Amino acid sequence: MKQLYFFGGKCGGVRAPVRMPERRYRDGYCRISCAYSGARGQDPADIVSGDSKVVSSYELQKSLNDLHTARASLAQAEAEAAFRQSILDAGIEVNDAVFAIKTASEKSANYAAQVASLEEAVESTVMLMQNRSTTYLEVLTARQTLLEAQIGEVANRLSEISGTITLYKTLGGGAM
């Protein structure tokens, strides 16, 4: 089995680490190479004997550069995936806002027809009460039903406006 050593004949080498990731990489590499050698330090004569593999500082720097390149590629891939996900999320938000506007618009015609017919019903109930053929309680019930329909119409209009605002914000407008 080949033994791994740094220049200088011992783990740690001559080159001082510049950053913490390099130090961790070097320390991990030292532990691995020292485990292969079975000792903390070796005589420089053993390096020349040919039984061991010499690891130069250039090879270590190349390995570190490869590690940093791999980490940068991973970070770039993660950033790209996050960007793609944000595009998909934005598309979903736009779709939801358009659907809310469309649904509220469709409901508004129904609410308008309902309110119109209930207004006629209230007028008819008031006329019947004036002719003494119905009670005031029935007039109040008709007005309450009309009021509930008007509240539903206003809530639907609010939903339509809220959907429009959400659509504008989703498309990038209205940022303060």
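How many helices and strands does the secondary structure of the protein chain hold? Colour the chain by secondary structure and you will find four helices and two strands. Helices (H or I, at least four residues) and strands (E, at least two) are DSSP runs, numbered from the N terminus. Read along the sequence, they follow the pattern β-α-α-β-α-α.

**Before you start**

This is a predicted model, in which local features need pLDDT of at least 70 and side-chain atom pairs count only at pLDDT 80 or more, while totals for chains, interfaces and linings use all residues. Residues are numbered from 1 along each chain as its sequence is written, and side-chain values use heavy atoms, with hydrogens and water left out.

**Stop 1: colour by confidence**

The chain averages 76, and 67% of the residues score at least 70. Select strand E1 (residues 3-6): confidence is lowest here, at a mean of 42. Then select helix H4 (residues 136-170), where confidence is highest, at 93.

Next, select residues 1-21, where pLDDT stays under 50. Residues 31-52 also stay under 50. Where pLDDT is low, the predicted coordinates should not be read in detail.

**Stop 2: walk along H4**

How far apart are its end C-alpha atoms? They are 51 Å apart, which agrees with the 51 Å that its 35 residues should span at 1.5 Å a residue. The expected span is 1.5 Å times one less than the number of residues.

Now look for the buried residues of H4, among them Val-139, Gly-152, Asn-156 and Thr-170. Buried means under 20% relative accessible area, exposed over 50%, and partly exposed in between (1.4 Å probe, protein chains only). Bring H3 back into view: what covers the buried residues of H4 includes this helix. Just after H4, click on Gly-172, which takes a positive phi of about 105°.

**Stop 3: the nonpolar core**

Select Val-115, Leu-118, Val-122, Ala-142, Leu-146 and Ala-149, which make up the largest nonpolar core. H3 and H4 each supply at least two residues of this core. A nonpolar core is a set of buried Ala, Val, Leu, Ile, Met, Phe, Trp, Tyr and Cys residues joined through side-chain atoms within 4.5 Å. In soluble globular proteins, nonpolar side chains tend to be buried together.

Centre the view on Leu-118. Not counting residues up to four places away in sequence, Leu-118 touches Thr-145, Leu-146 and Ala-149. Contact means heavy atoms within 4.5 Å.

**Stop 4: the loop between H3 and H4**

Helix H3 covers 57-130, and Arg-132 sits in the loop between H3 and H4. Is Arg-132 buried or exposed? Arg-132 is exposed, with a relative accessible area of 76%. Its phi is positive, about 65°, although Arg-132 is not a glycine.

Thr-134 belongs to the loop between H3 and H4 as well, but Thr-134 is buried, at a relative accessible area of 10%. Select Thr-125, Leu-128 and Met-129 to see what Thr-134 touches, leaving out residues up to four places away in sequence.

**Stop 5**

Select Asn-110 in helix H3. With 56% relative accessibility, Asn-110 counts as exposed.

**Stop 6: three salt bridges**

The structure holds three salt bridges. A salt bridge is a side-chain nitrogen of Lys or Arg within 4 Å of a carboxyl oxygen of Asp or Glu. Side chains of opposite charge can pair when their charged atoms come close.

Begin with Lys-62 and Asp-66, whose closest N and O atoms are 3.6 Å apart. Because they are four residues apart in helix H3, about one helical turn separates them. Lys-62 is partly exposed at 43%, and Asp-66 is partly exposed at 42%.

Move on to Arg-84 and Glu-80, which meet at 3.1 Å, N to O. Arg-84 is exposed at 54%, whereas Glu-80 counts as partly exposed at 40%.

Finish in H4 with Arg-157 and Glu-160, three residues apart and joined by a salt bridge of 3.3 Å, N to O. Arg-157 is partly exposed, at 47%, while Glu-160 is buried, at 15%. Leaving aside neighbours within four places in sequence, Glu-160 is in contact with Ile-101, Ala-104 and Ser-105.

Notes. pLDDT is the predictor's confidence in each residue, from 0 to 100.
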